[in-house]
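Please look over the sequence and the structure shown below before reading on.

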Amino acid sequence: MYIVAAVSTPSHPHPSEPHVGSVSSKLNWLRAGVLGANDGIVSTAGIVVGVAAATVARAPVLTAGSAGLVAGAVSMALGEYVSVSTQRDTEKALLRKERHELRDDPGAELDELAALYEAKGLSAATARTVAEELTDHNPLLAHAEVELRINPEELTNPWQAASSSALSFAIGALLPLVAILTPPAAWRIPITAAAVLAALVITGAVSAGVGGAPKGRAVLRNVVGGGLALSITYAIGHLVGTAIA
Ligand SMILES: [Zn+2]
């Protein structure tokens, strides 16, 4: 894909826009990290505020908050590991099939590549030249990018995806945990709510900024959603705590 973009725009007229695969994949990582942190903030804040609404004691809040942090981080890592591994298996199978086709019938594969470029809007002659030159350079890469939309040199590593999402969740989760445990009992819930909502302004703005989306709306959605989560868990914690006591 990006070969075409690079050919048609030798000097980037908009340097701030990601044109090259590796730039946008770095931004995707940043966005995934911010969203992981966002998850950690909201879910752990919900747990600690819910427990703090039921009891003034600190130990249950610490216990529930730490368990929530670990459970959430493990769950994020597992989910990411399974989904990235499956995607990687699929991509490897597609690449293997493509490699066999290139070995068994290179002529048909060249026609196929030329047809794909023609379908993108190139003339038949130009499409054939592009297909021939890319095939001379690296046939598998040429087919992977245009036909499969995979970069065979940048397959996502499932362990890396799992550990970075667990880490970003845990970093996010630490914020409400510290905010609820540090202040005196009378202040801990308002301080936690304020810290969480302020953090959600930042994560909302950064994740929108990375994707080039308008920040205001993203921040509003994030803060309203987080505020709702806190209100609901506070109400449930209060009700259940009162019912038990
Ligand atoms: Zn092919």
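In this predicted model, E109, E112, L113, L116 and Y117 of helix α4 meet A142, H143, V146 and E147 of helix α6, where contact means heavy atoms within 4.5 Å and helices are DSSP runs (H or I, at least four residues) numbered from the N terminus. The residues of this contact divide into five nonpolar, one polar and three charged; Ala, Val, Leu, Ile, Met, Phe, Trp, Tyr, Cys and Pro count as nonpolar, Asp, Glu, Lys and Arg as charged, and the others, Gly among them, as polar.

Helix α4 covers residues 106-119 and helix α6 residues 139-148, and the two pack at an angle of about 45° with their axes 10 Å apart, the axes being lines fitted to C-alpha atoms over the stretch in contact and the angles running from 0 to 180 degrees between N-to-C directions. The two helices are therefore oblique to each other, a word for angles that are not under 35 degrees (roughly parallel), over 145 (roughly antiparallel) or 65 to 115 (roughly perpendicular).

The numbering starts from 1 along each chain as its sequence is written, and side-chain values use heavy atoms, with hydrogens and water left out. Local features need pLDDT of at least 70 and side-chain atom pairs count only at pLDDT 80 or more, whereas totals for chains, interfaces and linings use all residues.

The zinc ion is coordinated at 1.8 to 2.2 Å by the residues in this table, donors being N, O and S atoms within 2.8 Å of the metal (3.2 Å for Na, K and Ca), with water not among the atoms, so sites may look incomplete.

| Residue | Donor atom |
|---|---|
| E98 | OE |
| E109 | OE |
| E112 | OE |
| H143 | ND1 |
| E147 | OE |

Along the chain these donors follow the spacing E-x10-E-x2-E-x30-H-x3-E. Distant parts of the chain are linked by the pair of E98, in helix α3 (residues 59-104), and H143, in helix α6, which are 45 residues apart. Both E98 and H143 are buried, that is, under 20% relative accessible area, with exposed meaning over 50% and partly exposed in between (1.4 Å probe, protein chains only).

Eight of the ten residues of α6 are buried, so this helix is largely enclosed by the rest of the structure. After α6 comes R149, whose phi is positive, near 55°.

The protein chain as a whole has nine helices and zero strands, and buried residues make up 33% of its 245 residues.
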